[in-house]
Amino acid sequence: MIGSKKQVIAVILCMLLAAGTFACGRGGGWIFSLNGEKIYETDVTAFGLIYIREHNLSDKEQMKKSYDNSKTYGDYYKEELENVIISTALLYNEANEAQFEISDEIKQEAQKNAEEIAAFCGEKWMSNLDISVSDVERVFRMKLLGDAYVDSLSQEDIKAERYIKVYQVTFSTAALDKEGMVQSDEEGKIVRLSDELIAQRKADALDLVDKVHEGGDLGILSKSYGNSVTGMEKYLKYDDLEKEYKRAVDSVSEGEVSGLIEGDYGFYVIELIEPDAKEHAGSVALYEEETEIQEKKEEILEKLYEVHVRDDKDYKNDKRWKHVSMLSFLQ
């Protein structure tokens, strides 16, 4: 009988040991299980270290202070960290299901980023948290793969359109408020100046053109026509310009001053600084592309959240997550 009991106990211990080993997975028990992708304690620690580094968090006392009447800064950042973890896991799994492969470039970037985090934390702190560089690198791979997958779903690269850079002097033909904004009536129509004032503005603009073409400085001379006349540098999209403005741009070379340009809201005189502002155009195209990618990412995540992170989904191991503290990621 005693031998039989020992055998039963041994079997139970083996089963518990096996269960514990399985639960540990890659660094402790799972905390999130999202769309087939499990996030373990070590993963959460890696996410936490990356988060505090990217958001430049270092003040433990700040974490304890009240963020609002219901939570501390630590609570707030923990909620933000949870969103980052969930979004990353969902996108990563979606990329895998689509058989989107990780590139050598992503691998290299993940390794570099992980090494920077390790250098930031220091060997002692990494050891105290029982986390390795490879653990952090794995999380970076998840993040980068998910982002690359979203990039691949966005539309074709946005081509840089032509922008010009000018110094523009404006003789407004519309009424302006104290802040210099164009006034509108109750029906939303632009309030225009009287015909007499408009005629005077045109005469002043022509006078400025004559003086500049005689060798005067556009910016300096424009200041002599009163506060209603403005002068400033501007980047303008060529395709959005009015026809007369385009003709004026095309008629001058870099550094030259145009004749009078008549527009819907005033008379303009411009100096063409850059006929093709490629650097600015590239920045605009990059911003538009990044905006499009972000919108696509939010669209995908909204659908994934609806399916996998609703209140009735058992995606989170609350007991383990409740013990996670932002303070533990700070030295």
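Of the contacts (heavy atoms within 4.5 Å) in the protein with a separation of 6 or more, 70% are between residues 24 or more positions apart. This is a predicted model, in which local features need pLDDT of at least 70, side-chain atom pairs count only at pLDDT 80 or more, and totals for chains, interfaces and linings use all residues. Residues are numbered from 1 along each chain as its sequence is written, and side-chain values use heavy atoms, with hydrogens and water left out.

The structure holds 10 aromatic pairs; rings of Phe, Tyr and Trp (its six-membered ring) pair if their centres lie within 6.5 Å, and planes under 30 degrees apart count as stacked, over 60 as edge-to-face and the rest as tilted. Two edge-to-face pairs are listed here.

| Pair | Centre to centre | Between the planes |
|---|---|---|
| Tyrosine 51 and tyrosine 77 | 6.3 Å | 65° |
| Phenylalanine 100 and tyrosine 149 | 5.8 Å | 70° |

Phenylalanine 100 lies in the loop between α4 and α5 (104-121) and tyrosine 149 in helix α7 (residues 133-153), so this pair links parts of the chain 49 residues apart; helices are DSSP runs of H or I with at least four residues, numbered from the N terminus. Tyrosine 149 is buried, at 11% relative accessible area, whereas phenylalanine 100 is partly exposed at 25% (buried means under 20%, exposed over 50%, partly exposed in between, with a 1.4 Å probe and protein chains only).

Definitions and conventions: Helix = DSSP H or I, 4+ residues; strand = E, 2+ residues; numbered from the N terminus.
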